[in-house]
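Subject: Handover of a structure, with notes

Dear colleague,

I am passing the structure below on to you, together with my notes on what was found in it. Please read the notes with the structure open beside them.

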Amino acid sequence: MTTGSSRPSRMAALLAGLLSLAQAGPAAARDALPPIVIGQLSSRSGNNPAGREGENGAMQAVAEINAAGGLLGGRRLELRVEDDQTQVDAGIAAFARLVDQGAVAVVGSSFSNISLAIIPHVEQAGIPYLSTGAADGQVDPVRPHVFMTSLAGRLVGEQLLRFLRDRGVTRLAVVYDRDSRFASSGWAKQRTLLDRYGIALVEEQAVRVDTRDFGATIAALRGSGAQAVMAWLTGPPAVGFTRAYAAANVGLPVVVSHGVASGAFLRDTGAASEGLFVATSIATLADDAPASAVGDAARAMAAGFRRDHGHGPSQYAVDGYVAIRLIAAAIERSGSASPPAIRDALEGLTLATPQGVYRYTPDDHAGLGVADIAVAWVKDGRFTLSDWSRRQLRADRGSEVAR
């Protein structure tokens, strides 16, 4: 039975609690606000070469945003991560778990095969999905809720053809991984551009994800009459081919897509990767980046990543970092953390990031342009900005936006 004397006691307790909160100041008030939950699919297991690098990049962005006061007047970001196991079925199940946990947006897997398979589930859930995979098929055609942060294969393919043309290459040999949707679609896009750049295909070799013996492939490349080799490879095939190619001493320069733009690839290949040309974002080459909005953002991101992990960010880490920054910008732009508001804000967003200037529109959910692709040269065991790319970046600085 409730007595009259208990009512003043409850009122006194309530007033004391409010007084305590007020005395604690703005920080306590912010902590009392509900967090904004963002999900991420990370390859914590399996053979995805990105592994947890994308997760590390996303965690850095979340920590920076929270340290700066959060979003929407003090709401903190909370990153919830599920393992996609580098398997399509596991990735679909992991996405469903993130939806059940209340994620307002999801940072996608860096394994394109998973991100492509998840698309119908994303559209059914109606949650913005920022994929860190690089297959163009995720955003071509455009789907309402699917965006990508990675360097699209068609952009990488075109920039590398510009690079090869300027080096006088007119005859090209290509090797690609037919089991990888990223590699096969990237090469398919690049192949349609060969005539535009005056380059003829003289040899095409397809390998499998489990290829161990590259002898026949390398023999065909050696005898092709090509002036350079283009490699659309990532993961184990990229490592195995690079080692075998160096041992065979073919002598033709090799240009590789951004699937190998990580310190793990350099560690796994050692001296065999010396002299390779690799497509990447400027953020992985932050120390070499010219002064610009993008270059300055890249240096700031790289400095924080190096402080936390003892080395610079890989392409995969940059993708995870940028995905969080894009979601956060959309939340602030819309003034809401609801999935529909985030989606609508993303579709009209322009943002300078460590990876480049994203310009999402209703017709473009990739956001970047050819000018955002850098070409690195592997020298002394590290990625170094090529002289060609340094000249291109200076010429393309007029395309940046002021932030």
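How many bridges join β13 to β14, and do the two strands run parallel or antiparallel? The strands β13 and β14 run antiparallel and are joined by 4 bridges, where strands are DSSP E runs of at least two residues, helices are H or I runs of at least four, and both are numbered from the N terminus. Two strands are taken to pair if DSSP finds at least two bridges between them.

Before going further, please note that this is a predicted model, in which local features need pLDDT of at least 70 and side-chain atom pairs count only at pLDDT 80 or more, while totals for chains, interfaces and linings use all residues. Residues are numbered from 1 along each chain as its sequence is written, and side-chain values use heavy atoms, with hydrogens and water left out.

The chain as a whole

The chain holds 14 helices and 14 strands, and of its 403 residues 53% are buried, buried meaning under 20% relative accessible area, exposed over 50%, and partly exposed in between, with a 1.4 Å probe and protein chains only. Its accessible surface comes to about 16500 Å², of which carbon and sulfur atoms account for 51%; these areas come from the Shrake-Rupley method with a 1.4 Å probe, and for residues only the protein chains shown count as cover. Of the contacts (heavy atoms within 4.5 Å) between residues at least 6 apart in sequence, 68% join residues at least 24 apart.

The open sheet

An open sheet of mixed pairing is formed by 7 strands in the order β7-β6-β8-β9-β10-β13-β14. At its edges stand β7 (200-207) and β14 (382-385), each with a single partner strand, so one side of each has no neighbour in the sheet. From one strand to the next the twist averages 30°, with axes being lines fitted to C-alpha atoms, for helices over the stretch in contact, and angles running from 0 to 180 degrees between N-to-C directions.

Helix α8 (residues 215-222) packs on this sheet, where it touches β6 (171-177), β7 and β8 (228-232), and its direction makes about 175° with that of β7. Within the sheet, β9 (residues 254-256) pairs with β10 (residues 277-280) in the parallel sense over 2 bridges, and V255 has F277 of β10 as its bridge partner. Strand β10 is in turn joined by 4 bridges to β13 (residues 374-379), the two running antiparallel, and here T280 stands opposite A374. Further along, A376 has L385 of β14 as its bridge partner, and β13 and β14 form a hairpin with 2 residues between them, D380 in the turn having a positive phi of about 55°.

V207 and R178 are 29 residues apart in sequence, yet their C-alpha atoms are 6.1 Å apart in space; residues up to four places away in sequence aside, V207 touches V175, Y176, D177, R178, D179, F214, T217 and L233.

Single residues to look at

In strand β2 (residues 77-83), E82 is buried, with a relative accessible area of 16%, and its side chain makes a polar contact of 2.8 Å with that of R97. A polar contact here is a pair of N or O atoms within 3.5 Å; within protein, one must be able to donate a hydrogen and the other to accept it, and residues adjacent in sequence count only if both atoms are side-chain atoms.

The peptide bond from D140 to P141 is cis, with omega near 10°, and P141 lies in the loop between β4 (129-131) and β5 (146-148). N249, in the loop between α9 (235-248) and β9, is not a glycine but has a positive phi of about 55°, and N249 is exposed, with a relative accessible area of 63%.
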